[in-house]
Amino acid sequence: MEIRLLGPIEVDIGGSAADVGTSRQRAVLAVLAVEAGTPVAVESIIDRVWGQAPPRRVRDALHVYVARLRRSFRMADPGYGDVLVRRPPGYALNLDPTMVDAHRFRLLLQQARPGAQPDHIRAVHARQALDLCRGTPMAGVPGDWAAGMRSAWEQHRVDATLIWASLELAGGRADLAIDELAQLMQQHPLAEPVAAVLMRALCAVGRSTEALDRYLKVRQALVEELGVEPGHELVRLHQAILRGEIGAESQPVSPAPAPPSAIGARLAQQPGVDSGGSFRSATRGGSTPPLQLPADVAAFVGREIELRVLDDLVLAPSASPPRPTVSTITGTAGIGKTAFAIRWAHSASSRFPDGQLYVNLRGFDPLRPPTPAIEVLRGFLRALGVAPAEIPQDPDEAAARYRSELADRRMLILLDNARTAEQVRPLLPGVGTCTTLVTSRNRLTGLVASHGATPVELQLLSPQQAALLLRTIVGAKADDETATGQLAQRCAYLPLALRIAAARLLCHRHLTVDEYVHDLLHGDALAALAAEDDERSEVRAAFALSYRDLTDDARRLFRLLHLMPGQDFGREAAAALIGVGSDQARRLLHQLCDAHLVAEQQPGRYAMHDLLRRYSHAQAETEESSEALREASRRMVDFYSDTLHEAFPHFQQRRNEARRDLAYPPADPLRFPDRESALAWHDAERASLVAVTQLAAAHGWHNAAWQLADSFFGYFVSRRHWQDWFTALRVGLASAEEISHRDAAARMHNALGVVLKQTGRYDQAREHYQRGLALAEEIGNSRMVAGFHVNLGGLLVTEGDPRTAVAHLQKALADPDHGHNPQFATITYLNYACALIELDWLDEAQASLMKSLQLAEDARDLLNACYVHHNLAEVALRRNDFASAQVHAEHELELAAQLGDPLRRGAALDILGSCLAFHDQRAAVQRWEEALDVYRALQHRLSINLEDWIKVLEEGMPTAELVERDAARRRHARRMI
């Protein structure tokens, strides 16, 4: 399969073209293809495709387009029918990104950039990238998002053309590049870098007169359209051609310009000129301007969005009067801040004709103190041509002189490795003709607040980018995609760790990627990620510099955070971990965020990557006693136990009121005002819920372990995360049996039966129900005995034995503590009605359902009310009362939305399709396709049933036959849900 976006949108599947539909449908495909392999939220798709004013039923339209694309893929090749999948929070194209031409273009362009490969290989990559361009990208797709992507891709095409043409020119093949450069010049008449390469190519083949003519045309366009003169480099090139220094037999006066970043083709929009229309010299007497940037980093990958932020920052319209442009580049230790800043600075160097200044401020140097501002100022002033005797000794006076020297220059200043905003302030220009980049591990919020600095915070590389970095450095040794991906993961996608890993693989020629991954997994990963002859190139040392600057309380919180059970955590859990209130925890977490030792991924939720977690663990082993670590773990377990217990009524009324086993009740308990907020917290903590149960059991806190597993009942029944709950319940059952707690064991058997029934493992479900029933009878809990009869009855209905089911359900109803209590009788009457439906006793079934609905409404039991409306819709459908069935199906859909229960939503959409099929087959199919999305997202076996049904419908059939065959399908499906 190949998806082509760099021209009219096309999908090729095995040589067959898939129908990509209307412009909106093509836009949906484009959004998903740009993010291939990654889910795109529904809201994001809508925003990109429809913009700020989507139609009222935009979600329905999106579902239709998704369904049509799936059908189109399936018709081209049935093997690709499932490539477009529902994956929360939206949809995803489940394919390798390199199957999309735009992704291949980006990779080829990356491999063509300087330092990545030998020049002749780079030229091949650049040419291959250009050959993917077939015209206007995403032609005909409307909207601001598409326009923005077209603009970005066009700039990348310009970059690729300049790289390719410069390499052909350097290889003595200038004649191959001239026509393509001339065509590019027509499209971008103000692009000075394009003009410069074209002029050099013309001179190289003896066409100097045309090169001079090209300069005059560019100058005229700049003067007429922008009122400015050409930039310094183009002027120098023109003068060199006039002097005969560049020609077919002569060498250029300077190397061909380095291929620009996205800033290149827009360079002429804001050239640096003074009031007379010509560039000022950076140093007195017209000497060479300072060019202090360190060498560009080799094998740079990713960061396209952040690079574009800096491009846009420099090219933004100037304020009046112009203000200095300042950007802070921040991120955790080893994230690649300096490499990023230097990469951009080199790519934009031609934008600053008066040169660049660079200094390492040593803000986090383990061996040397931070560089004093006066020392930096002296060095900068000398570079600007100020005689040493004229440099003021007073720091304030030196700063004033520095600002004066910059006043008529257009320069780039890179202040690397700053510690504080105060360290940086004396080094900031006072005028708007200069751009300053500041890198730091700290956020430097003072510069953002007082100087309007634009913050650029670097994140970890994506898995694909991290693997590409390893392959680019290591080469063929990293050809095994699986092993390389695992190595990237063990390096936490942190650039410093990835580069150290790559260096080790290169320096130890017998070390394989698999062996190195094993070392990182089973040994000391931090020690394995150290350059053997350079202490500064060590992940552990990089983290230590940030850790040592924290306050005592913040350091303690950091070293305990490795105990957190999930990948991310909430502020309240962190507070419980160290036994403080939520406000104090917030202040400490802000310290850790400012030092980039944790990241606030969303408001109130934090995370640290795996290597920082290992460093946290190492520091805890050194600085914390085993008793302190055990106490912190118990505090966390008790926080979850208390929070889950108190949240339970938001999901179900029947809460276990057994005494909580809390050794350390939270100092600042977390409570939820409503079901929605409780659901949101449980969703965010889902991975932690299982892990904290395992942690409790591992420490021998068995009461806490089974109570935690029991507290998940309402949430997991609503969200249908069966595997997670199954894992927790097995731990809970083992803990209950460890302490011979029969009541707790019976509860675990009951919940395990529910999970196994829902996942189609009926024999195992029956075994757990029967074992739980035996325990309930042993301890004489009649209500629990009745509950097991209810569940056994429901299981028998599913298995197709409604008569035996009725016997079990009548036993339950006969128990007065159960049959007359709304909290328990609701589900009993519901299951009883399901058995009666299967026996086709519809009148009796409806009566039982109405009794169940009344009980559910009295108990405010939304989940069982949902089930009741579904079955009332089924009764109505069997009576051919489609209008009444639709009313009940729509009630179910509304309740499912309130519950946040995806399976109930899918079931409601499914039966709503059946209600609509009699009079509106198109609307019915739309609802069935929406239901199929839900079932697929849940990996529910109903997806197969419904997918087969939708395929049958594509063949077409009379309405009467459709209704009859759908009824048979539903009968089968009822045994699967």
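**Sheets, cores and confidence in the predicted model**

Strand 4 and strand 6 (residues 90–93) form an antiparallel pair over 2 bridges. Within this pairing, V40 is located opposite Y91 of strand 6. Both strands belong to an open sheet of 3 strands, ordered 4-6-5, in which the pairing is antiparallel. Strand 4 (40–41) and strand 5 (84–87) are the edge strands of this sheet, and each pairs on one side only. The model described here is predicted.

In the chain as a whole, 44 helices and 14 strands are assigned. The C-alpha trace extends over about 105 × 70 × 60 Å along its principal axes. The chain has 977 residues, of which 55% count as buried. Of the contacts between residues at least 6 apart in sequence, 68% link residues at least 24 apart.

A further open sheet contains 5 strands in the order 8-9-10-7-11, with parallel pairing. Strand 8 (356–360) and strand 11 (454–457) are at its edges; each has a single partner strand, so one side of each lacks a neighbour in the sheet. From one strand to the next, the twist averages 15 degrees. Inside the sheet, strand 7 (residues 325–330) pairs with strand 10 (residues 435–440) in the parallel sense, over 6 bridges. T328 is placed opposite V438 in strand 10. Helix 12 (residues 337–347) lies across strand 7, strand 9 (412–418), strand 10 and strand 11, and runs at about 160 degrees to strand 10.

Helix 1 (residues 23–34) was examined for its length and its burial. Helix 1 is mostly covered, with 10 of its 12 residues buried. The buried set consists of Q25, R26, A27, V28, L29, A30, V31, L32, A33 and V34.

The largest nonpolar core comprises 175 residues. Within this core, the residues with the most contacts are L487, L592, L611, Y640 and W725. For Y640, leaving aside residues up to four places away in sequence, the residues touched are P565, A573, W681, E685, S688, L689, V692 and L708.

The mean pLDDT of the chain is 85, and 93% of the residues score at least 70. Among the elements, helix 33 (residues 762–779) has the highest mean pLDDT, 95, whereas helix 21 (residues 525–528) has the lowest, 73. Over residues 249–286 the pLDDT stays under 50, although the model has 100 contacts for this stretch beyond four places in sequence. The pLDDT is also below 50 over residues 317–321, a stretch with 2 contacts in the model beyond near neighbours in sequence.

Notes
Residues numbered from 1 in each chain as written. Predicted model: local features only at pLDDT ≥ 70, side-chain atom pairs only at ≥ 80, totals over all residues. Heavy atoms only, no water. Pairing = 2+ DSSP bridges. Helix = DSSP H or I, 4+ residues; strand = E, 2+ residues; numbered from the N terminus. Axes fitted to C-alpha atoms, helices over the stretch in contact; angles between N-to-C directions. Contact = heavy atoms within 4.5 Å. pLDDT = per-residue confidence, 0-100. Core = buried A, V, L, I, M, F, W, Y, C linked by side-chain atoms within 4.5 Å. Buried < 20%, exposed > 50% of the residue type's maximum accessible area, 1.4 Å probe, protein only.
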